[in-house]
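Subject: Model for your review

Hello,

Here is the model we discussed. Please open it first, then read the notes below.

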Protein chains: 2
Amino acid sequence: MAMAEYSAEVSPVPGADRGSPLALICGGGSVPYAVADAVLRTGRPVFLLAIRHWADPAAVARYPHAWVAIGQLGRFLRLAREAGCRDLVCVGTLTRPAFRDLRLDWTTVRMLPRIYRLFRGGDDHLLSGVGRLFEEMGFRLLGAHEVAPEILAPSGTLGRFVPSPRDLDDAALGLALVEAMGPFDVGQGVIVANRRVLAVEAAEGTDAMLMRLADLRQSGRVALEPGIGVLVKAPKPQQERRMDLPTIGPATVEAAARAGLAGIVVRAGEVIVAEAEAAAAAADRLGLFVAGIPEEPDANR
Amino acid sequence: MAMAEYSAEVSPVPGADRGSPLALICGGGSVPYAVADAVLRTGRPVFLLAIRHWADPAAVARYPHAWVAIGQLGRFLRLAREAGCRDLVCVGTLTRPAFRDLRLDWTTVRMLPRIYRLFRGGDDHLLSGVGRLFEEMGFRLLGAHEVAPEILAPSGTLGRFVPSPRDLDDAALGLALVEAMGPFDVGQGVIVANRRVLAVEAAEGTDAMLMRLADLRQSGRVALEPGIGVLVKAPKPQQERRMDLPTIGPATVEAAARAGLAGIVVRAGEVIVAEAEAAAAAADRLGLFVAGIPEEPDANR
């Protein structure tokens, strides 16, 4: 059984079909509600499908919603249809579940061989495959950034500090490394200091990578003056951006400060900034820069 | 001041100049003494320049030796010349020092601007630059593997367990990733399980990377049955192999077992196996494979 190819003809047009509520599959963190509020401001209703153990019950309660568990595709399908949804956005944090931990309902069981194959590969392989499943069920998959572009990092700096030439040099090396690792579906973050790659993010996530560097500096294993080094976050080149964009927020800024970094560089327009005002305030308070750098056309090193 | 180019004409011929003692600059671990013993077996004398705080005093005492601190290039030069050495091998573990922690003698101080620049970049940038310094001082730099080829991982398996087709598939992905990261002078190790890259080694080193995966599995953050996943170690493509080859040993096997891996794959002939018999015994006891895979010509994925 070959996996259905993603049809390039299904080109999502943000803002179309505005009468129906937008279904928001919500993971953890604050971004789902920033997206929901942004959509509501455009006059479109939302319907939250909150993922059990991940979405914040108090926040979810402020919107029309229902709860679903991971693996309950049939229940999800029924709830979204009953709510009259046709467009779908997946947003928020979620740790990759174990295949054996999925709470399978009947619809999911019928798709099992396919889902099993999705688990053989990196996160983007899994997420883009789940996105295709939703589309085959008749939903139109939109990216959070398409319905709420205001959540994306703008070009330029977020607070009052700016990167030095050395920081920009380190950032360029980091962005090129993320690009080179693209085909391998690894992480979306690296740390570079003084042209040396100190850390590469994979399954541990950005926060754990920053904590690791804080420990390495503390122990003297990485012997480098504080205030040197840049966290770089950017999507993988081939990544299904509608399912997953890299995200930073105030906690990322605080962790970067603990790791002794000079600041954070993200790809402008391709990385979500959760609670941008709080992130800028944290950066100003801790003396870090947060900068969005646009992709240059043909910026191969 | 441009950095002198490495002269391609200086092609080290192992075994030449056999009358003079071979100078061994010794870092930590057991490999320096395996190399020293192998050289002695060929009938050539050795002279150990043991790096203070890194080399093992009890082991060093078994050979003609002197102690040096990192940064004492002048003292090193004098001692090696007094011992009549002309050929030089650097071997053993060493954590990258902080530039500010170097104990500089006068010879080193004169080279300071150059040494400072070596610290701006990855480990290979630093080590290959130090290698060039030794060559300009009139030594011939040889690789540990050139004077003691028996320390290298052979083609095939080390113990009695063999990789499964899935393991070989994961290993191929890992080897290709190390290759792709080559220009960025990152680490020499990655962990791949089920075609998913779980960890990439940078400044933390292989043991810390394995410990991280053990923690991620323990906490459920990486939800994967035990016995799946491969540690891959291979040199960076452009790496100065005479200064630094990736190394595994019994402790690596034990850490890989704690991380729930199926085994270890290294590039045959390009990775050092410390205490090969003990490593094979540990692999057999813990149910892991340790396999050397030769590089295929033109093996681009």
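**The contact between the chains**

The contact draws 39 residues from chain B and 39 residues from chain A, contact meaning heavy atoms within 4.5 Å. This is a predicted model: local features need pLDDT of at least 70, side-chain atom pairs count only at pLDDT 80 or more, and totals for chains, interfaces and linings use all residues. Residues are numbered from 1 along each chain as its sequence is written, chains are lettered from A and ligands numbered from 1 in the order written, and side-chain values use heavy atoms, without hydrogens and water.

About 3300 Å² is buried between chain B and chain A, and carbon and sulfur atoms give 56% of that. Buried area is the accessible area (1.4 Å probe) that two parts lose on being put together, summed over both. In chain B, Arg120(B), Phe184(B) and Arg196(B) lose the most area to chain A. Together they make up 22% of what that side buries.

Six salt bridges link chain B and chain A (a side-chain nitrogen of Lys or Arg within 4 Å of a carboxyl oxygen of Asp or Glu). One of them pairs Asp123(B) with Arg196(A), with the closest N and O atoms 3.5 Å apart.

How do the copies relate? The same surface serves both copies: 100% of chain B's contact residues recur in chain A.

Best wishes
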